[in-house]
Amino acid sequence: MASKALMKPTLNFKHGTLKNNEAQVQSHSFGQVCFSGKNGVSSSRKSVVVSVVTTKTASPATVVAVPVKTGSTVLLSQKWREIQGLNNWESLVEPLHPLLRNEIIRYGEFVAACYKAFDLDSNSKRYLNCKYGKKNMLKEVGMDDSGYEVTKYIYATPDVNIPIQNDAAPGRWIGYVAVSSDEVTKQLGRRDMLVTFRGTVTNHEWVANFMSSLTPARLDPLHDRPDVKVESGFLSLYTSEEAETKFGLESCRQQLLSEVSRLINKYKGEELSITLAGHSMGSALALLLAYDISELGLNKADHRRKIPVTVFSFGGPRVGNLSFKQRCEQLGVKVLRIVNVNDPITKLPGVLFNENFRGLIGGSRYEFPWFACSCYVHVGVELVLDFFNVQNPSCVHDLETYINLLKWPQRLGIQKEGFDWMNKARDLLISAQSLNINLMPWKDVAINMVNMVQSQRT
């Protein structure tokens with residue numbers, strides 16, 4: 001990977017100040033965070049590049065707990081609407097505001113709790129489900145002081161025909177719903193309803209991730225909106241039911257809408273926010289839920305005001321087409337995408353035909369009639385990180401890496417083992433062929449996974 005010439009700032013997150021000094025940059029390393037003054041190439045999104053370079057300084061930036069005070073004594077409770085995207089994070093991402101930085105970290109840790117609580121022991125009775133009960137889950141993963149109470153676990157399964165290990169049900173624990181306590185509600189300035197989603201783990205989810213065909217969302221029974229299309233695998237994971245098993249009594253969508261509606265009714269009259277956070281595939285589910293809530297009007301507290309709906313997306317893929325993006329914007333859905341420029345997942349689906357397509361043909365302003373319906377487009381504002389480790393390429397998509405880079409920008413070490421994308425694609429094809437399953441959709445999955453690897457290398 002080519003080195004990037006960036007400016008090294010002096011960080012003072014308590015006062016949100018950045019001072020530029022020249023620095024020599026080395027690629028493939030971890031260290032000081034840098035903020036460039038360049039925006040993203042697409043006019044449909046904003047971005048600020050946070051890059052990792054090598055320096056000799058080792059003191060980590062301090063993460064200040066909520067409530068956070070800056071040099072001008074601004075509390076989160078006073079600025080929460082802006083932090084949740086009221087003005088599309090204008091003047092908050094470049095430079096990165098300390099309140100926003102801390103909220104990104106906080107929501108990222110709620111998502112990380114999904115991974116910590118997810119049972120991957122094939123000999124366990126809770127295999128591929130949560131290890132703990134709702135009352136103790138946050139405590140068991142080290143977040144007992146988070147000030148949130150888990151109110152519901154969420155299960156999901158895609159409608160794909162692939163073999164199931166040990167005859168287990170494909171319905172899996174995908175995340176949870178939580179609500180802020182009275183004490184934390186005062187600090188936040190509102191009652192926060194939080195839904196978090198983990199990323200891809202099971203074979204069903206890998207296949208769903210790489211279906212890569214757009215299909216009409218049709219989530220509003222009163223308005224068909226056939227031009228609003230989303231990736232079919234994500235939609236399947238979100239809407240598929242599995243009535244024959246204890247985990248699939250309702251679809252992921254039904255579970256979520258029911259619980260969100262219940263909480264809105266329970267806390268009626270209070271200042272509320274709906275925050276959706278996810279990593280990888282979980283980011284796609286978070287965006288689908290945000291769109292669904294807003295399209296159905298569940299966030300209308302009364303005729304005069306709406307409950308803010310905000311998505312914090314970590315390493316998320318594209319979810320829908322241009323019409324989907326435009327509809328989300330019309331509905332007031334706010335999306336902050338935290339992405340690593342070297343993360344291949346954020347370039348999928350639509351490696352070629354996407355929001356940057358016109359740039360590939362010389363910047364032409366010609367509008368192709370099929371673009372709005374047939375091309376994948378990212379939604380929201382980008383906060384772009386830039387990190388890579390030549391000895392461990394898989395870290396580019398690791399959630400803990402995302403969080404640690406923001407939490408300790410001057411001290412970051414990665415020790416996790418990588419994920420072999422090529423072997424995963426091969427294994428999926430072999431397992432399908434051995435069971436005489438139609439290979440066409442599986443080939444599409446494998447091809448997309450190989451394309452993802454190639455995009456990471458280029």
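Q: How many helices and strands does the secondary structure of the chain come to?
A: This is a predicted model, in which local features need pLDDT of at least 70 and side-chain atom pairs count only at pLDDT 80 or more, while totals for chains, interfaces and linings use all residues. Residues are numbered from 1 along each chain as its sequence is written, and side-chain values use heavy atoms, with hydrogens and water left out. Helices (H or I, at least four residues) and strands (E, at least two) are DSSP runs, numbered from the N terminus. The chain comes to 14 helices and 15 strands.

Q: What percentage of the residues in the chain is buried?
A: A residue is buried under 20% relative accessible area, exposed over 50% and partly exposed in between, with a 1.4 Å probe and protein chains only. The chain has 458 residues, and the buried share of them is 55%.

Q: Which residues touch the most other members of the largest nonpolar core?
A: A nonpolar core is a set of buried Ala, Val, Leu, Ile, Met, Phe, Trp, Tyr and Cys residues joined through side-chain atoms within 4.5 Å. The largest one has 49 residues, and helix H2 (residues 98-117) gives the most to it, with eleven residues. A second, separate core of 46 residues includes Ile154, Tyr238, Leu257 and Val311. In the largest core, the residues that touch the most other members are Leu100, Ile104 and Tyr176.

Q: Leaving aside neighbours within four places in sequence, with which residues is Ile104 in contact?
A: Contact means heavy atoms within 4.5 Å. Once neighbours within four places in sequence are set aside, the partners of Ile104 are Leu96, Phe312, Phe314, Leu336, Ile338, Leu383 and Leu406.

Q: How many residues apart are Tyr107 and Phe312?
A: Rings of Phe, Tyr and Trp (its six-membered ring) pair if their centres lie within 6.5 Å; planes under 30 degrees apart count as stacked, over 60 as edge-to-face and the rest as tilted. The structure holds six aromatic pairs, including the stacked pair of Tyr107 and Phe312, at 4.9 Å centre to centre and 25° between the planes. Both residues are buried. Tyr107 belongs to helix H2 and Phe312 to strand E11 (residues 309-314), so the pair links distant parts of the chain, with a separation of 205 residues.

Q: Over the ring of which residue does the charged end of Arg198 sit?
A: A charge sits over a ring if NZ of Lys or CZ of Arg is within 6 Å of the ring centre and within 35 degrees of the ring normal. Arg106 lies over the face of Tyr107, at 4.7 Å from the ring centre. The charged end of Arg198 is 4.1 Å from the centre of its ring, which belongs to Phe118.

Q: Which residues of H9 are buried?
A: Helix H9 (residues 322-331) is largely enclosed by the rest of the structure, because seven of its ten residues are buried. Just after H9, Gly332 takes a positive phi of about 85°. The buried residues of H9 are Leu322, Ser323, Phe324, Lys325, Arg327, Cys328 and Leu331.
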